Structures are given as structure tokens and as C-alpha cells.
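Reader: I would like to take a close look at one part of this assembly and then follow how the rest is put together. Please define each term as you use it, with its cut-offs.

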Amino acid sequence: MSAPAIRARGLEKRFGRAVALRRIDLEIAPGTRLAVLGPNGAGKSTLLRLVAGLARPSAGSLEIAGVVAGKPAARAQIGLIAHATFLYPQLTARENLLFAGRLHGVADPGARADALLEESDLTHVAHRAAGAFSRGMAQRLAIARGLVHDPSVVLLDEPFTGLDRSAAQKLSERLAGLHAAPRTQIVVTHDLGRVAQLADRALLLVAGRIARELRGEELETPALERAWAEVTEGPL
Amino acid sequence: MNVLLAVLWKDLVSEWRSRDRLIAMLVFSLLVVLVFHFALPGGATPRNAQHAPGLLWIAFVFSALLGLGRAFQIELENDALAILALAPADRGWVFLGKALANLVILSLVQAVVASVFAIVFELPILAVAAPLAGVVLLGSLGLCAVGTFFSAMSVRTRFSEMMLPVLVIPPLVPVLSAAVSATAELLRGGEVTFSSVQLLVVADLIYWIVGFVLFEYVLDE
Amino acid sequence: MSASVSQGLASPLSVRPTGWVLAIFVALYAWLVTIAPIDSVQGLIQKILYVHVPCAFAAYLGFVVTAVSGGLYLWKSDLRFDRVAAAGAEVGVLFCSLMITSGPIWAKGTWGHWWVWDARLTITLMLWFVFLAYLLLRSFTEGSERAARFSAVYGIVGALLIPLNYYAIELFGNAAMHPDNLERDSLGTGMGWPFLVSILTASAAFFHLLVLRIDLAKRRSSLEQFAEDL
């Protein structure tokens with residue numbers, strides 16, 4: 001594992017005239033759990049979509065485990081979990097996982113789907129249509145779907161949106177548990193209180209730039225809130 | 001290839017569960033037949049039988065447009081376009097899977113509509129069932145390729161229901177003209193001339209290849 | 001700031017070099033078409049073809065420019081190519097509209113019919129629809145990048161239709177009111193030069209309008225930038 005999980009050099013993304021990200025330099029070692037924070041419109045989701053290969057950079061370079069982002073081999077490394085669940089309501093839970101497994105060319109999609117259902121505590125509803133699931137169950141299934149091909153980089157885009165307190169807490173525990181397997185995780189969130197639990201490194205993005213990088217103790221909620229206030233309200 | 005099969009399987013299974021697209025297409029195309037009855041009164045007159053091939057294809061195109069508009073709307077509703085775009089293979093395979101699923105659904109509708117047409121206009125389709133099915137398949141291949149391709153675009157524009165026919169019909173002109181003339185030749189009881197089939201095959205090949213190659217740019221954000 | 005807005009753009013009152021070229025050609029064109037012999041069979045109405053044929057040429061030119069710039073845009077993701085593509089389509093649609101209005105006027109006078117479903121005519125009409133669809137697609141797609149990408153793809157498909165349709169004519173045989181090509185004595189004596197100059201004039205007009213249209217797009221985008229900076 002010599003190549004960093006993610007390496008960005010002078011990464012820029014413009015939408016027409018608007019600049020979403022400017023000159024981002026970033027290197028993330030495999031196994032890092034990174035939180036990306038920042039006010040609305042700071043470019044957090046854009047960064048995630050670039051890493052996922054869903055959008056192309058306007059300038060600069062971006063590599064996932066040494067492969068240019070967006071190439072099929074780079075996409076194969078990525079698992080995407082977002083507040084939108086990406087589930088098909090007509091398909092059952094198991095079929096949703098089967099579809100995702102086949103899409104990614106998983107060797108035995110059936111066995112993999114069953115294992116993931118077991119792990120997510122969804123076996124009892126495996127044959128029920130995903131459209132009938134509660135938000136919390138759908139989110140658990142969505143996480144299983146994102147992990148079906150055992151990706152080395154997991155992207156989480158505001159996963160807590162729309163969850164009640166207890167569901168959010170369970171999700172948070174589940175995400176912390178995922179780290180047992182050595183994966184790189186990038187989580188975009190507004191929920192500063194959960195950062196310390198979910199990440200060991202954080203980026204504060206403001207207006208498309210990395211305004212602050214935080215590690216270790218700085219991720220505890222009070223320190224984080226102070227840093228947030230400094231970069232978003234301070235004279236920039 | 002597994003992406004193609006996965007998308008095809010997924011689309012057909014979810015369509016089978018709800019059947020909403022299939023039923024809507026069927027009802028709509030039967031309504032179109034009803035409208036033809038009022039537009040061309042007299043039932044099975046020789047003159048109306050002469051118009052039948054063209055009318056049949058109008059019914060096919062209308063119902064196809066209705067179904068194709070939904071093809072990517074489904075992905076958009078589930079926000080699942082991103083998942084398809086993330087599949088670790090050339091995005092052209094997603095196009096092939098979606099287009100084949102549309103072809104299967106459209107063919108089911110066409111079988112029913114053609115039978116109803118044959119009854120209403122007293123067309124001798126049973127005698128030419130096999131070659132007619134072949135011609136319809138060739139025409140539908142072009143229709144589904146062009147339609148699927150532009151449906152992925154139009155769902156992400158404003159007024160998507162209006163944009164789809166505007167985008168789809170002009171490129172279909174060569175396909176439709178060849179399909180209609182071949183159908184007419186068959187129903188007249190004759191042989192299909194090689195030139196219509198040749199044009200259909202060439203146009204189908206072009207559209208499926210172009211769709212495969214350029215879909216990358218359509219599926220991007 | 002105003003300096004940067006007008007940077008690289010000619011002042012609105014000055015005439016671009018393409019404008020001077022056009023002016024010279026228009027003068028030459030007007031003179032040649034006036035002195036060109038009256039067609040022995042068709043009479044004066046044949047002179048409409050000095051408008052019709054060059055417009056056809058400029059229309060196809062526009063569609064080729066659109067497809068090629070669209071391809072370059074997909075390759076390089078540079079919005080400058082997209083501006084050229086959009087300009088090519090707009091100017092192309094303009095000439096195409098002139099062509100399909102001037103054609104029937106000539107046809108009514110010569111053949112007694114406004115419209116005949118002749119193969120080449122049908123194809124041109126269809127191309128006109130393709131590029132109208134192209135312009136609609138541009139204006140109904142949100143986000144300049146996505147609009148550029150979608151329309152580039154559509155422009156390429158539209159251009160592919162040209163050879164496909166000529167192949168269709170080839171297969172089905174052409175009962176045409178259009179001559180197969182210009183060499184086959186379809187031109188009367190003394191008509192060659194006026195035709196050549198009329199095509200050059202249309203090309204000059206095409207490029208002048210293209211340049212103006214690209215200019216406009218540039219100004220619009222600098223204005224947007226300016227508004228944003230405020």
C-alpha cells in the first residue's frame with residue numbers, strides 16, 4: 001500500500017463561472033477517517049462527487065489509490081452512502097443488494113447479500129420491498145448496499161439527514177464499527193458533535209478552500225466549534 | 001457485461017412488480033387506435049388498410065415515448081443515477097442494459113397493439129407474422145436506442161416530457177421511414193425489399209454504437 | 001472593472017475585419033447576380049437559386065461547425081468550444097430557415113408546387129428540426145456545463161444523421177427536384193461565377209455572424225462574472 005488512498009494536487013472545480021473548489025491539495029493515507037466540514041456551499045459535496053468520479057475536475061489531478069478518479073478501476077474502490085438511499089422501492093431488500101452486487105461484479109452476489117443482511121440485522125425483512133422500510137431501516141440497507149463490493153474508500157454524504165436521535169446514534173455506532181475493516185472513510189456532515197466519534201482528521205472548507213485542518217484533540221466538540229467560528233465568522 | 005445484465009434484470013423485475021409502465025403504455029396505445037378509428041371512419045376499407053402501416057408505427061412511437069420518458073425518471077426518483085454512474089465499468093453498458101429493458105417492455109406492448117390493429121383494420125398479419133416481427137424488432141431496436149439515450153438527457157432538463165419527443169423524433173426519421181415501408185411491403189403480401197432492411201440494420205448499428213460510446217457524457221453530473 | 005469587461009472585445013461601433021470582407025463580397029455578389037444571364041427555361045425566377053444554394057451551403061457549414069466544436073468541447077472541456085458550437089447552430093438555423101423558405105418560392109414558380117417530399121428537401125427539413133431541438137435543449141438544460149455537454153452530444157448525433165440520410169436516399173433512389181451535383185451541366189453558361197461568388201458571400205456572412213455571436217456570448221459571460229464580483 002504505497003499509494004495514498006486519495007491524493008489531490010491543485011484540484012479545482014468550476015461550474016461555469018462559479019468556483020466550487022479552488023486549488024485543493026490533499027493526501028490521505030489508507031485507513032484514515034476524514035471528516036469534511038464547512039458551511040453550505042463550501043464545496044463539501046463537490047469534493048465528494050469528484051472523489052466518487054461522478055463529476056470531473058476542471059483543473060488539477062485527483063487519484064484514488066494511484067488511479068485517476070472516474071476511471072472504472074477507481075470507481076471500483078468507492079462505496080457511496082448518502083442521505084438519499086439510492087434504493088429501488090419495488091425491489092426487496094435482498095434484491096437491492098443483489099443488484100448492487102451484480103453491478104459491481106461481486107463473485108457470489110447471493111451469499112454476499114445474505115451476509116450483509118445478517119450484519120445489518122435485516123434478515124427478517126429480506127424479502128420485503130424496500131419502499132415499505134422505515135427511514136432507519138432504509139439507511140441500514142443503504143449502508144449495506146454501499147459496502148457490497150467491499151470498497152476501500154467509503155464516502156458518506158450527510159448520512160444523518162432525516163434520522164431521529166436514536167436512529168442517528170445507531171448509525172453513528174455502525175459507522176464507527178465499519179472501521180474494524182481497514183477502510184478509508186470520508187464523511188461530510190453538519191453534525192459537529194459526532195466528528196470526534198467518526199473521524200481522526202477533519203478539513204474545514206470555506207468558499208472552496210481548505211481553511212483549517214484539524215486532528216486529534218482538535219476534533220472534540222468545543223475545540224471544533226471554536227475553529228468553526230473562527231473560520232466562518234473571522235475576517236477572511 | 002455484468003453491468004448490462006444487472007441493469008436489465010433490475011428494470012424488468014421492478015417493472016414486473018408494479019407493471020405501471022406496461023399498463024400505461026398499453027392503455028395509451030389502445031386509445032391511439034381508438035382515435036384512428038374516429039380519424040379514419042369506415043373501418044376496414046382498402047384505403048384505411050393502406051394507411052395501416054404508418055398508423056401502426058405512430059402508435060408504436062407514441063407508446064414508446066411514454067415508456068421511455070419513465071425509464072430514467074425511475075432512476076431520478078430514487079436518486080439512483082449516481083449508483084449506475086458508479087458501476088466500475090464503461091458507462092455504455094448501463095445504456096445497453098436500460099435500452100434492452102425498454103426493448104422488452106416495448107415489444108410486449110407492440111404484440112398486443114399489432115393484434116388489435118389487425119382485428120380493427122382486418123390486416124393479414126398471421127400470414128406474415130415472422131417477417132413482420134423481424135421488421136418491428138429492427139425498427140424498435142433503433143427506437144429504443146435513440147429513445148433511451150435521449151431519455152437520460154431529457155429527464156434532467158426542464159419540461160422533460162416535452163423535450164423527449166423533440167429530441168427523439170428527428171433522429172428517428174430514417175429508421176421510421178424504412179420500418180414503415182418494410183411493414184407496408186409485408187402487409188401488401190409481398191416480400192420485404194432488401195434496401196429497407198439494410199437501412200434499418202445500418203441505422204440500428206450506428207445508434208447502438210453511438211449510444212454506447214457517448215453515454216459516458218450523458219450520465220456524468 | 002469596466003476595462004476587464006471590454007478586454008479583448010472590439011468596441012460596439014467598430015466593424016470587424018469579417019464585416020469588411022462581407023461588404024466587399026456583397027457588392028461583388030449584387031453586381032454578378034444582376035448581370036448573370038436570365039435562364040432560358042425558368043426565366044427570372046431562377047435567380048432565387050443565387051440565394052437558395054448559398055444558404056444551403058452556409059446552413060450545412062453551421063451544422064458542421066457545431067458538431068466539430070461540440071466534439072472538441074467533449075474532448076477538452078473548454079467552454080470556448082461550446083460558445084463556438086452554440087453560435088454555429090444559431091447561425092446555421094438562420095440560414096437553414098432562409099433556405100427552406102426560398103426553396104418553395106422557387107419551386108412554386110418553376111414546378112407549380114410549394115412543397116415536394118423530395119428526399120433532399122425532407123432531410124434538410126429534418127436537420128432544421130434537429131438543430132431547433134439542439135437550441136431548445138440548450139435553453140432548457142440548467143447549468144452551463146451540463147447544457148454544453150448535452151448539446152455537444154446532440155450536435156454530434158445530428159451531424160451523423162447527414163451521411164445516414166444520404167445513404168437512405170442512395171438506397172431508395174432519388175426522384176429529385178435537386179440536381180445530383182453541380183458539375184453535370186445543371187448550370188447554364190455564365191452562371192458559374194455568380195454561383196461561386198454567391199457561395200463565398202454566404203460563407204463570409206456566415207463567419208461574420210458567427211464571430212458576432214461568439215462575441216456576444218463572451219460579453220454575456222463577462223457580464224455575469226462582473227455581476228458576480230459585485
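Among contacts in chain C between residues at least 6 apart in sequence, what percentage join residues at least 24 apart?

Author: This is a predicted model, in which local features need pLDDT of at least 70 and side-chain atom pairs count only at pLDDT 80 or more, whereas totals for chains, interfaces and linings use all residues. Residues are numbered from 1 along each chain as its sequence is written, while chains are lettered from A and ligands numbered from 1 in the order in which they are written.

The figure you ask for is 81%, taken over the contacts in chain C between residues at least 6 apart in sequence; two residues are in contact if their C-beta atoms, placed from the backbone, lie within 7 Å. Chain C contains 7 helices and 0 strands, and its pattern along the sequence reads α-α-α-α-α-α-α, where helices (H or I, at least four residues) and strands (E, at least two) are DSSP runs numbered from the N terminus. Of the 230 residues in chain C, 33% are buried, a label given when 20 or more other C-beta atoms lie within 10 Å of a residue's own, with exposed meaning 12 or fewer and partly exposed in between, again with C-beta atoms placed from the backbone.

Where chain C meets chain A, 8 residues of chain C are in contact with 4 residues of chain A. On the chain C side, the elements that give two or more residues are α6 (144-172) and α7 (192-229), and α7(C) gives the most, with 4 residues. By class, that side has no nonpolar, 5 polar and 3 charged residues, with Ala, Val, Leu, Ile, Met, Phe, Trp, Tyr, Cys and Pro counted as nonpolar, Asp, Glu, Lys and Arg as charged, and the others, Gly among them, as polar.

Turning to chain A, an open sheet of 6 strands has the order β6-β7-β8-β3-β9-β10, with mixed pairing, two strands being paired if DSSP finds at least two bridges between them. At the edges stand β6 (78-82) and β10 (209-215) of chain A, each with a single partner strand, so one side of each is left without a neighbour in the sheet. From one strand to the next the twist averages 20°.

Within this sheet, β3(A) pairs with strand β8 (residues 184-188) of chain A in the parallel sense over 4 bridges, with V187(A) as the bridge partner of A35(A). Strand β9 (residues 201-206) of chain A is also joined to β3(A) by 4 bridges and runs parallel to it, with R201(A) as the bridge partner of L34(A). By contrast, β9(A) and β10(A) are antiparallel and share 6 bridges, and L204(A) stands opposite R212(A) in β10(A). In a regular strand the side chains alternate between the two faces of the sheet. Both faces of β3(A) are covered, with R33(A), A35(A) and L37(A) buried on one side and L34(A) and V36(A) buried on the other.

A helix of chain A leads from here to chain B. Because 11 of the 11 residues of α3(A) are buried, this helix is largely enclosed by the rest of the structure. Its buried residues pack against α4 (109-119) and α5 (135-146) of chain A together with α1 (2-18) of chain B. L103(A) belongs to this helix, which spans residues 93-103, and counts as buried because it has 27 C-beta neighbours inside 10 Å. Leaving aside neighbours within four places in sequence, L103(A) is in contact with V3(B), A6(B) and A87(B). After α3(A) comes G105(A), whose phi is positive, near 65°.

In chain B, the axes of helix α6 (residues 129-154) and helix α7 (residues 160-187) come within 9 Å and cross at roughly 170°. That makes α6(B) roughly antiparallel to α7(B). Axes are lines fitted to C-alpha atoms, for helices over the stretch in contact, and angles run from 0 to 180 degrees between N-to-C directions; angles under 35 degrees count as roughly parallel, over 145 as roughly antiparallel, 65 to 115 as roughly perpendicular and the rest as oblique.
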